[in-house]
Amino acid sequence: MSIVNAKELLMKATREKYAVGAFNITNLILMEAVVEAAVDRKAPLIIQTSVTPAKFLGARVLVAIFRELAQAAPIPICLHLDHCTDVEFCKLCTDAGYTNIMIDASKQAFEENIRQTRAVVDYAHAKGAISVEGELGTVSGVEDQVKVVENEAALCNPAQVVEFVEKTGVDIFAPAIGTAHGVYKTPDPKIDFDRFEKISLLLNGHGVKVPLVVHGGTGLPPATVKRLVALGGAKFNVSTELKYTLIDSVYEYITSHRDEYDPGKIDKAVKASVKEKIYYWIDLLGCAGRAA
Ligand SMILES: [Zn+2]
């Protein structure tokens with residue numbers, strides 16, 4: 001139906017209190033799997049790539065496949081570049097046709113984060129309807145999750161949020177609230193819900209202005225996800241879980257069909273396993289049937 005940017009999808013999601021899954025893909029089979037699953041559920045979709053596959057496969061190649069799949073699908077779909085720390089590569093992907101770009105200058109000092117984020121926002125907006133995601137605070141790897149949650153300085157400081165958003169002009173915003181990349185080491189990771197609520201009210205308490213992103217979706221307990229959606233989380237990033245599913249399903253298929261040499265059957269097994277994960281997330285986020 002339509003190629004859209006993330007802001008369009010997420011303004012509606014925030015208003016209507018559901019969230020859109022942002023699923024990391026590393027190859028064609030994963031891209032097809034997420035599109036097919038979202039079409040089956042009539043759900044809006046954000047496909048995202050990290051910088052590594054965007055360089056390895058080529059941003060223009062990924063965009064060409066994305067456009068082909070999105071134009072044939074009866075749902076709105078966005079292609080997002082995740083956690084790019086390089087302003088020039090953000091610009092390259094904007095030119096290639098990504099429809100949302102994340103400039104992650106969160107490890108820089110506050111003023112420098114603003115400067116780099118502003119540079120990408122100016123470039124993307126000048127190109128047309130390309131939206132931009134910025135981050136404040138550090139979304140860590142799981143190795144550091146507990147340390148980060150207990151260290152206030154690593155989380156997003158609500159007192160800086162309005163200034164950051166106003167000075168950068170960013171379209172969607174990722175505050176560090178204690179979620180982490182990878183697989184959580186505890187079944188109940190510590191998340192700073194109060195901080196998230198405060199930020200949500202600051203930005204969207206009087207009309208939706210800047211939708212919020214939650215990183216580190218893999219392994220978050222369903223109750224935590226639902227609570228964050230209710231507090232205004234509109235985009236949930238899911239990456240690690242899909243990489244594990246890809247590798248485990250390839251391994252399982254090959255070990256149980258060791259004398260077969262038919263790559264198509266491996267692809268089919270991967271696609272089926274990944275689609276099950278996407279259905280789970282779409283249902284949990286409440287975005288099934290929201291494509292209209
Ligand atoms: Zn992330």
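Colleague: How many aromatic pairs does the count come to?

Modeller: The count comes to 3 aromatic pairs. The rule: rings of Phe, Tyr and Trp (its six-membered ring) pair if their centres lie within 6.5 Å; planes under 30 degrees apart count as stacked, over 60 as edge-to-face and the rest as tilted. This is a predicted model, where local features need pLDDT of at least 70, side-chain atom pairs count only at pLDDT 80 or more, and totals for chains, interfaces and linings use all residues. Residues are numbered from 1 along each chain as its sequence is written, and side-chain values use heavy atoms, with hydrogens and water left out.

Colleague: Why is the pair of Phe110 and Phe164 tilted?

Modeller: Their planes are at 40 degrees, so the pair is tilted. The ring centres are 6.5 Å apart.

Colleague: Where do Phe110 and Phe164 lie?

Modeller: Phe110 is in helix α5 (residues 110-126) and Phe164 is in helix α7 (residues 158-168), so the pair ties together parts 54 residues apart in sequence. Helices (H or I, at least four residues) and strands (E, at least two) are DSSP runs, numbered from the N terminus.

Colleague: Is Phe164 buried or exposed?

Modeller: Phe164 is buried, at 0% relative accessibility. Buried means under 20% relative accessible area, exposed over 50%, partly exposed in between (1.4 Å probe, protein chains only). Phe110 also counts as buried, at 17%.

Colleague: What about the rings of Phe164 and Phe173?

Modeller: Their planes are at 50 degrees, so that pair is tilted too. The centres are 5.7 Å apart. Phe173 is buried, at 0%. Phe110, Phe164 and Phe173 form one aromatic cluster.

Colleague: New topic. What coordinates the zinc ion?

Modeller: His83 (NE2), His181 (NE2) and His215 (ND1) do, at 2.0 to 2.1 Å. Donors are N, O and S atoms within 2.8 Å of the metal (3.2 Å for Na, K and Ca); water is not among the atoms, so sites may look incomplete.

Colleague: How are the donor residues spaced in sequence?

Modeller: The spacing is H-x97-H-x33-H. His181 lies in the loop between β7 (172-175) and α8 (193-204), and His215 in the loop between β8 (212-214) and α9 (222-230), so that pair ties together parts 34 residues apart in sequence. His181 is partly exposed, at 30%. His215 is buried, at 2%.

Colleague: On to α11. How many residues does helix α11 have?

Modeller: It has 23, residues 263-285. From first C-alpha to last, α11 reaches 33 Å, close to the 33 Å expected at 1.5 Å a residue. The expected span is 1.5 Å times one less than the number of residues.

Colleague: What covers the buried residues of α11?

Modeller: The cover includes β2 (20-24), α2 (28-40), α9, β9 (233-238) and α10 (240-256). The buried residues of α11 include Val270, Ile278 and Trp281. After α11 comes Gly286, with a positive phi near 75 degrees.

Colleague: Which residues touch the most other members of the largest nonpolar core?

Modeller: Ile47, Tyr98, Phe173 and Phe236 do, in a core of 94 residues. A nonpolar core is a set of buried Ala, Val, Leu, Ile, Met, Phe, Trp, Tyr and Cys residues joined through side-chain atoms within 4.5 Å.

Colleague: And what is Ile47 in contact with?

Modeller: Leaving aside neighbours within four places in sequence, its contacts include Phe23, Met31, Phe66 and Leu79. Contact means heavy atoms within 4.5 Å.
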